[in-house]
Every structure is written in structure tokens, then in C-alpha cells.
Amino acid sequence: MRTCAKELVYFRQRNSDRKSYTERIYRLFTGYLAGHGLRLTGQRRLILDYFLKADRHLSREDIYTALRRHGIGRATVFRTLKMMEKCKLVDHVVGMAGKPRFEVNIERPHHDHLICINCGRIQEVRWPKLEAIQEETCRKIGFTPNWHHHEIFGWCRDCSRKK
Ligand SMILES: [Zn+2]
Ligand SMILES: [Zn+2]
């Protein structure tokens, strides 16, 4: 079963500049919606707020389950996430069985993910040496990298112990 441990390691601290961070995210999303003739409705706001409070990678089902008492349906969660991805506010991490999980991606350093196939926990890792090797290899063959995701699937420390 999923643990509740904090997953988003490389996340901005909840300190004094947290408020302006939240405001920048709101401005970005509101601007994106306006550009498409849409508004930040109460439901979209609830989904965004839920994201900003989350300390782990969220599946569509997590969001739906948490917010359905507000009358938010699966289709709204699906569409809102699509829009949040389009404006690069959130990114998705491919989880188990192809089920994506999402994380806020604004002003966070690049990181990759270790995914436990037993409990589903996702750990964030940074590999500066690996990043440098990738960049060098791309440069050598004249490839311009745009983005990448590394996902390593396996057993987390807790689950390995219980094996
Ligand atoms: Zn595990
Ligand atoms: Zn992450």
C-alpha cells in the first residue's frame, strides 16, 4: 500500500517565499487559461490547490478521490491535468502499469525517479554526473536534447527488507 512519506524532495521549502511562488503559479495558469478563452473556475482552482499542497506524486485517481466530494468528476480532473501539463506547470512520471503520476514542475531542479513496484513509492534522485555524460554524448552526435525522464523500477528499502 502507498506510504504517506514525503516524496517531493527537491521542492521549494514552505517558507516566506512560498506565497509568491504560489502566486506565480496561479498567474501562469490563469494566463494560459485566458489565452484559450477559459477561466480559473472553482473546480480548476481546487485541483491546483490540491497539487500545491501535495508532497507526493499524484495519480488522476488520487486527485479524483480527494476532490469528488466537491462535485469534481474524472473528466474534469483529466482535462485540467492536460491543461496544466500543456503550460508546463505539471509534469508526469510514468508510474506502474502505465498509470501516470504527476508533480508540480515549476522552479524545481531536474530530477529523476526511483519507483517501487511493490508499494508504489516514488523517490526523487539527482545524478549530476549522469546528466553531464548525457549532455556530452548528445553534443558529440549533434543531438539537441529537449527533455528526458529516467525511471528505475524496483524495490524500495522498506519493501526490500520485508521480502
Ligand atoms: Zn516499496
Ligand atoms: Zn518528482
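A donor, in what follows, is an N, O or S atom within 2.8 Å of the metal, and because water is not among the atoms, a site may look incomplete. With that in mind, let me turn to this structure, which is a predicted model.

β3 spans residues 100-104, and five of its five residues are buried, so the rest of the structure largely encloses it. Both of its faces are covered, with P100, F102 and V104 on one side and R101 and E103 on the other. As to its pairing, strand β2, residues 90-94, runs antiparallel to β3 over five bridges, with V90 partnered by V104 of β3. Strand β1, residues 58-59, is also antiparallel to β3 and is joined to it by two bridges; here S59 has R101 as its bridge partner.

I now move to the other zinc ion, ligand 1. Its protein donors are the SG atoms of C116, C119, C156 and C159, which lie 2.2 to 2.3 Å from the ion. What arrangement do these four donor atoms form? The angles they subtend are 103 to 113°, which makes the arrangement tetrahedral. For reference, the ideal angle for four tetrahedral donors is 109.5 degrees. The sequence spacing for ligand 1 is C-x2-C-x36-C-x2-C. C119 sits in the loop between β4 (112-116) and β5 (122-125), while C156 sits in the loop between β6 (151-154) and α6 (157-162), so the pair ties together parts that are 37 residues apart in sequence. C119 and C156 are both buried.

Finally, a word on a pair of helices. The axes of α3, residues 60-67, and α4, residues 74-86, come within 9 Å and cross at roughly 130°. The two helices are therefore oblique to each other, and their crossing is right-handed.

Terms used
Residues numbered from 1 in each chain as written. Chains lettered and ligands numbered in written order. Predicted model: local features only at pLDDT ≥ 70, side-chain atom pairs only at ≥ 80, totals over all residues. Heavy atoms only, no water. Donors = N, O, S within 2.8 Å, 3.2 Å for Na, K, Ca; no water. Tetrahedral: all angles 85-135°; square planar, octahedral: opposite > 155°, others 65-115°. Helix = DSSP H or I, 4+ residues; strand = E, 2+ residues; numbered from the N terminus. Buried < 20%, exposed > 50% of the residue type's maximum accessible area, 1.4 Å probe, protein only. Pairing = 2+ DSSP bridges. Axes fitted to C-alpha atoms, helices over the stretch in contact; angles between N-to-C directions. Parallel < 35°, antiparallel > 145°, perpendicular 65-115°, else oblique. Left-handed = near helix turned anticlockwise from the far one by under 90°.
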